[in-house]
Amino acid sequence: MKAFDKLYRDHVDLIYRFAHRLCGEPEAAKDLVQDTFLNAYRGFERFRGDAQVSTWLYTIASRACLRMRRRRKGAPDRELSLEEFIPTSDGEFRLQIPIDGLSPEEALQNKQLRHALDTAIDQLPKKYKMVLILRDMEDLSAKEVGTIMGLNERAVKSRLHRARLFVRRQLSAQGLGQAEPDHEHALLG
Amino acid sequence: MAKRQTSGQRPRSSTTRHQHDHGKSRCLGILRQLSAYIDDELAGDICHEIRRHLGACPNCEVFVASLRQTVSLCRHSPAPGLSPIDRAVMRQNILKTARIR
C-alpha cells in the first residue's frame, strides 16, 4: 500500500494533465485517471521496471482511453494525408492569429487562441492526437511514444508530422482578432 | 511552396504564378520533411538543401515559420491541475474499487 501511495502521489498530477489533454474535460479526465491507477494497482507487482514508471503509467492510460472510446463506439479514426495540407490560398501559408512578437506564453494568454488551439487538437483523429500530446505537449521522445503506443519510431514521426500540419491548418483558418488577454490578466496588468 | 489546385480554380498565368523555377514537387518534398527539419533530425546536407530552398521560396519559409509557431504553442499550452480534494477523493475511489472487485 505504501508503494502504491508513493506511485499515486508522485504521478497523479502528470497522468491527470495527460488525461485532461486527451479527454478535453475534467470529469472524463478524472475517470481516466482512476481507471489508470486502478489498473496500475492491480498490475503493480507484475511491473518489472523495464521502462520508467511514468512510461508504464502513460501506456496504461493510453489503453484505458482507447477502451473508453471503444465503449462510446465513435466513428473509426480517419487517415490524414499530406496532400490535404497543401495551402490552397495565400492566406493559408501563415497563421492568422495575433502572435507576432509575443512569446508562446504571452500569446496563450489570449483566451480565443487557447480555445482555437484546444479545438484544433480535439478535432484530430485519436491516433494522431495521442502522438501529438505525448510528443509535443508531454515532451516525450519519439522512442518513448512508440513504446507507449506500440509503434515504431518511423510511424510515430509520420503521425506527428500529420498531426502538426492538421493543427497548423486549423489555426491558419481561424482569423482571430488582436490579442485579448483574460479578464483577470488584464486586471493584473 | 506551390498551392494545391482546387476544383473550379483557374490555373494562374506564368507571370502571376508563384516564382518557382524548381516546380511544386520540390515544395512537396520539403513539406514531407518539415517536422524532421524543425526537430533537427535530418542530416546536415539535407538541412542545407532545405535552407537553400527556403531562401528561394518565400511561401515555404512562411509555412515553416507557421509550423514552428504551432509546435511552440502546443509545447506551452497550459493544462489545469487537480485540487488536493480531487486527489484524495480519487485515491479513495481507486482503493475502494480495488477492494470490491
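Axes here are lines fitted to C-alpha atoms, for helices over the stretch in contact, and the angle between two of them runs from 0 to 180 degrees between N-to-C directions. Helix α8 of chain A (residues 153-172) packs on α3(B) at an angle of about 100°, and the two axes are 9 Å apart. Angles of 65 to 115 degrees count as roughly perpendicular, so α8(A) and α3(B) are roughly perpendicular to each other. On the α8(A) side the contact is made by A:Arg164, A:Val167, A:Arg168, A:Leu171 and A:Ser172, while α3(B) brings B:Ser66, B:Leu67, B:Thr70, B:Val71 and B:Cys74. Sorted by class, this contact has 5 nonpolar, 3 polar and 2 charged residues.

Taken as a whole, 35 residues of chain B are in contact with 39 residues of chain A. On the chain B side, α1 (24-38), α3 (58-76) and α4 (84-100) each supply at least two residues. The largest share comes from α3(B), with 13 residues. For the complex, the predictor gives an ipTM of 0.86 and a pTM of 0.84.

The domains do touch: 10 residues of domain 1 of chain A are in contact with 12 residues of domain 2 of chain A. On the domain 1 side, the elements giving two or more residues are α1 (2-23) and α3 (53-72) of chain A. Of these, α3(A) gives the most, with 5 residues. That side of domain 1 has 4 nonpolar, 4 polar and 2 charged residues.

Further along chain A, helix α6 (residues 126-137) and helix α7 (residues 142-149) pack at an angle of about 140°, with axes 9 Å apart. Angles over 145 degrees would count as roughly antiparallel, so α6(A) and α7(A) come out as oblique to each other. The crossing of α6(A) past α7(A) is right-handed. A:Met130, A:Val131, A:Leu134 and A:Arg135 of α6(A) make the contact with A:Ala142, A:Val145, A:Ile148 and A:Met149 of α7(A). By class, that contact has 7 nonpolar residues, no polar ones and 1 charged.

Chain B has an oblique pair of its own. Its α1(B) packs with helix α2 (residues 44-56) at an angle of about 125°, the axes being 11 Å apart, and α1(B) and α2(B) are therefore oblique to each other. Their crossing is left-handed. Here B:Arg26, B:Ile30, B:Gln33 and B:Tyr37 in α1(B) meet B:Cys47, B:Ile50 and B:His53 in α2(B). The residues in this contact are 4 nonpolar, 2 polar and 1 charged.

A word on confidence before reading too much into any one spot. Chain A averages a pLDDT of 86, and 89% of its residues score at least 70. Residues 178-189 of chain A have a pLDDT below 50, and this stretch has 13 contacts in the model beyond near neighbours in sequence. For chain B the mean pLDDT is 82, with 76% of the residues reaching 70 or more. Residues 7-22 of chain B stay under 50 in pLDDT, and the model has 5 contacts for them beyond four places in sequence. Where pLDDT is low, the predicted coordinates should not be read in detail.

Methods:
Residues numbered from 1 in each chain as written. Chains lettered and ligands numbered in written order. Predicted model: local features only at pLDDT ≥ 70, side-chain atom pairs only at ≥ 80, totals over all residues. Contact = placed C-beta atoms within 7 Å. Helix = DSSP H or I, 4+ residues; strand = E, 2+ residues; numbered from the N terminus. Nonpolar A, V, L, I, M, F, W, Y, C, P; charged D, E, K, R; others polar. Parallel < 35°, antiparallel > 145°, perpendicular 65-115°, else oblique. Left-handed = near helix turned anticlockwise from the far one by under 90°. pLDDT = per-residue confidence, 0-100.
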